[in-house]
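Me: I have just opened this entry and would like to be walked through it. Could we begin with a single residue and widen the view from there?

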Amino acid sequence: MNSNDAMYSAITSNQNGGTKGMRIKSIGGIKFKLTQFKHYNWGESSTTTMTVKGYRNSVEVASTTFEAFIPTYLPFDVVLGNGFDNVDDVRFYITAGGYVGDQSATNISINNIVIADAVPSAPTATTDTATSITTTSATLNGTVNDKGASTTVTFDYGLTNAYGSSAAATTGGTVGAGAGATAASVAISSLTCNTTYHFRVKGVNSEGTTNGSDATFTTNQCPQTITFNNPGTQSFGTTPTLPATSTSGLAPTFTTTTAGVCTISTGGVLTTVTTGTCTINANQAGDATYAAAPQVQQSFMIAAVSPGTPTIGTATAGDAQASVTFTAPASNGGSPITTYTATAIPDGATGSCAGPGACTITVLGLTNGTAYTFTVTAANAVNTGSASAASNSVTPKAAQAISFNNPGTQNFGTPLTLTATATSALIPTFTTATAGVCTITPGGTLTFVTAGSCTISANQAGNGSFNAAPQVQQTFTVNAVAPGTPTIGTATAGDTQASVTFTTPASNGGSPITTYTATAIPGGATGSCAGPGACTITVLGLTNGTAYTFTVTAANAVNTGSASAASNSVTPKAAQAISFNNPGTQNFGTIPTLAASATSSLSVTFTSTTTGVCTVAPGGALTFVTVGLCTINADQAGNASYLAAPQVSQSFTVAATVPGAPTIGVATAGNAQVSVSFTAPAVSGGAPITSYTVTSAPGGITATGAASPIVVPGLTNGTSYTFTVTANNSVGASAASAASAAVTPQLLTVSGTVPGMVGTATATLSGGGSSCTLNPTSGFASLSNPAPAGKTLPYGEYAFQSTSCVGTVTMAITYPEALPAGIQFWKYGPATPAVGGVVAASSWFQFSGASLSGDRKTVTYSITDNGVGDSDGAVGSISDPFAPVVGPVASDAVAIPVDAPWALALLSAMIGLMGWHRQRQRARN
């Protein structure tokens, strides 16, 4: 360390933007401990960062920073951490800030440097990757830093991270104090193959023990070997299974390197292809535990053997000989087949042919008339194989020949029977090779089909003594001739002409018919048409009114044939035409009459081809069945002077119209509605009726339905109505029907619940004329006016309003439960009739005009328009609240009419019995 100022240990200047520093370094690399120092700054005016770094063996081991600028410019102590306990080099830097002025200098200095001997620490240990790994050995590697004290290095290893074994490092086993980071290793052996091991490096010095991190390695897969012995020479055609084993217990697999000689399955089944040297490889690919085994190869000979057995085919007898066919054996024994030999049974006669492929063997020297079978063997360079099965049995026979002379040129259509003989005296048979020109029966009868070249074959199939004769074939020419005679058909007269039909002749003479000609008798006029098929011939230039017959001839390329018989007699007539105009679209339901005329002035007749749509009378009167397309034909059949006219056809549309008017039925009145019945119209207009509409008068209220009857709702009760009905289809609405009889809707019965009772009560109005009706407001309810003093009205009231009524109406009220004994009936209204149209004031009053049924459920009473109880002064309208009252008092006693006389008798009897009982009681007293 140097300083130009005796007061300071050192001074540094940071000039011109560069970085300067100071350094404390030991001589000879001796380690020391830097504890602290005192820092000074000189005239700085901004923050300055100082960095101190410690090194050991040129490796940075410690670093710290501090703020070097103090505005008071007083020195201060800088204390270093234990990272500087064992270093051999300390460096000081200005790393930020400094003089702010012109940057010419930044000056700092340190003094009072406290240095002591280095302080060692426990070593550091780093486990590195294992190397040189084999199936049973590996080299363990690590790095240890002594940290200032002599350090011993070992390695722990084992199957788990608990280790269990230890080995001293053979390289870097002892790290001298101050040596720093040192590589260490040791080679270990006697390991288990394909096994994972744990290991770590360990450093021990006077300051402590440090273990490196756990690391692993896996030894290589276990080796294996194959045992595969040479199987020795193998016979061609055999399929042995070759054995091999491995020390791992895994199954070896097999391949061949000589596929042209032998193949082998992976499991060892050998297949021989030919003779020669077969080379087989045995392999074991290994698995997760075992490495692949070294391949083992064995070579051995495939030796030829006798061929296999041929498959017998067919034996065919000849004259003192036979031919034998067969199929070559599946195996040639590994050597090409050189000869096939057929042996006759009996007699042992033989014949042979050369291999290697199958051939036909001829065995000579056989006895005609003797039955033989044959076997076949195959031989190669090694040996002769076994014999085939016996063939079919055949008997050699004598030969025969056929004599069959050429018959020479023949004319088409002439009959001919061919003859031939055989040396065996057996009868030959015949066949044709040219059936398009000629055919022949087995006995020789020829039939010519056309002209050309005819080829006939003569055959003799042989018998028990003779073989079939060689076929003899003869070819000769068949010449064409004139065609045969046509068969006359029908002659049809026309206007100065006639048409003639016919049937083609049975024979065309061996040449296609080119022309047919018809000749008129008398006059000789002709007409023709082209063949070869039949056609209709038109003969022109005839005289109308003259009778004619006709003959027909056929001609081919050779000549013209004879004429047919004469046709029927016909007389040509004048032509006529029909004028029939299309009538245009017609409306369904109309009955038009069509008109048409003929140029002959003869009457035209009509027919329909669409009778499902329209029919027509012969005179033209149309009848339409439905809508659609109507087609009518106009015809004139002709007479003695005129031919039938060509038919004229016209098609036109039959269009739908509105339906006819329905027939009105009965109108039945209901509550604000009427049900109207009617009958459908006789005519639908040609389109289906889709609906019917009923209309009221007055009001024009309508209802629509699909059929009778239809209910018209929304009517006013008490109003008289009539109704009409229209029918509707896709075209529109029909005319309206006649009006119905007048009816008046009425509301005559209302129903509802009664306070204090369970069930439904009903009230029915009667009398008052046909228009009298209840208003919809009529019904059962609680009291609409306060009850009379001292009276109980537990069942509320029934109040009705009626209109369009005349005179007196009757109301029948049926309650769901029997009314109690002693019940009274009260009304709320005028207690006196109206006078001069003036109605008295309304109040509750007891009503004596009501009667109660025997079951005490139905109350019936009458009220007169503007009479007692009617609070509506309008004539024809009645308003009348009515209520039952429970608990009559003496002053209110009033007789209650009862509908059942037997009840009155019973009541009288009970009263009499009670009087008699009271008298007896008095007598006792």
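Me: Which residues is Lys25 in contact with, leaving aside its neighbours within four places in sequence?
Reply: Lys25 is in contact with Asp88 and Asp89, once neighbours within four places in sequence are left aside. Please note that this is a predicted model.

Me: And where does Lys25 lie?
Reply: Lys25 belongs to strand β2, which covers residues 21-25.

Me: How far apart are Lys25 and Val90 in sequence and in space?
Reply: They are separated by 65 residues in sequence, while their C-alpha atoms are 6.3 Å apart in space.

Me: What about Ser26, where is that found?
Reply: Ser26 is in the loop between β2 and β3, the latter being residues 32-42. Beyond its neighbours within four places in sequence, Ser26 is in contact with Phe32 and Asp88. Asp88 is also one of the contacts of Lys25.

Me: Is Ser26 buried or exposed?
Reply: Ser26 has a relative accessible area of 16%. Buried means under 20%, so Ser26 counts as buried.

Me: Let us step back. How many helices and strands does the chain have?
Reply: The chain has one helix and 71 strands.

Me: What share of the residues is buried?
Reply: Of the 925 residues, 39% count as buried. The accessible surface of the chain is about 43200 Å², and carbon and sulfur atoms account for 54% of that surface.

Me: Of the contacts between residues at least 6 apart in sequence, what share joins residues at least 24 apart?
Reply: That share is 63%.

Me: Switching to charges, how far apart are the mean positions of the positive and negative ones?
Reply: The chain has 22 positive and 29 negative charges, and their mean positions are 12 Å apart.

Me: Now the sheets. In what order do β34, β37 and β38 come?
Reply: The three strands form an open sheet in the order β34-β38-β37, with antiparallel pairing.

Me: Why is one side of β34 and of β37 left without a neighbour in the sheet?
Reply: β34 (416-417) and β37 (438-440) stand at the edges and each has a single partner strand, so one side of each has no neighbour in the sheet. Two bridges join β34 to β38, which is residues 445-448. Leu416 has Leu446 as its bridge partner in β38.

Me: Which side chains of β61 are buried?
Reply: In β61 (residues 749-753) the side chains alternate, with Val750 and Gly752 pointing to one face and buried.

Me: What does β61 pair with?
Reply: Five bridges join β61 to β62 (residues 760-767), and the two strands run antiparallel. Gly752 stands opposite Ala761 in β62. The two strands form a hairpin with six residues between them, and Gly756 in the turn has a positive phi of about 85°.

Me: Which residues other than glycine have a positive phi?
Reply: Among them are Ser190, with phi near 60°, and Arg856, with phi of about 60°. Most residues other than glycine have a negative phi. Ser190 lies in the loop between β14 (181-188) and β15 (196-205), and is exposed at a relative accessible area of 71%. Arg856 is in the loop between β69 (851-852) and β70, and is partly exposed at 29%.

Me: Then what lies in β70 itself?
Reply: Tyr861 is one of the residues in β70, which covers residues 858-864. Tyr861 is buried, with a relative accessible area of 2%. Not counting residues up to four places away in sequence, Tyr861 touches several residues, including Tyr798, Phe800, Phe847 and Phe882.

Me: Last topic: where are cis peptide bonds found?
Reply: One joins Ile345 and Pro346, with omega about 5°, and another runs from Gly531 to Pro532, with omega near 5°. Pro346 lies in the loop between β28 (339-345) and β29 (350-354). Pro532 is in the loop between β44 (526-530) and β45 (537-540).

Conventions:
Residues numbered from 1 in each chain as written. Predicted model: local features only at pLDDT ≥ 70, side-chain atom pairs only at ≥ 80, totals over all residues. Heavy atoms only, no water. Helix = DSSP H or I, 4+ residues; strand = E, 2+ residues; numbered from the N terminus. Buried < 20%, exposed > 50% of the residue type's maximum accessible area, 1.4 Å probe, protein only. Contact = heavy atoms within 4.5 Å. Areas by Shrake-Rupley, 256 points an atom, 1.4 Å probe, with all protein chains shown as cover. Lys, Arg positive; Asp, Glu negative; His and termini not counted. Charge placed at Lys NZ, Arg CZ, Asp CG, Glu CD. Pairing = 2+ DSSP bridges.
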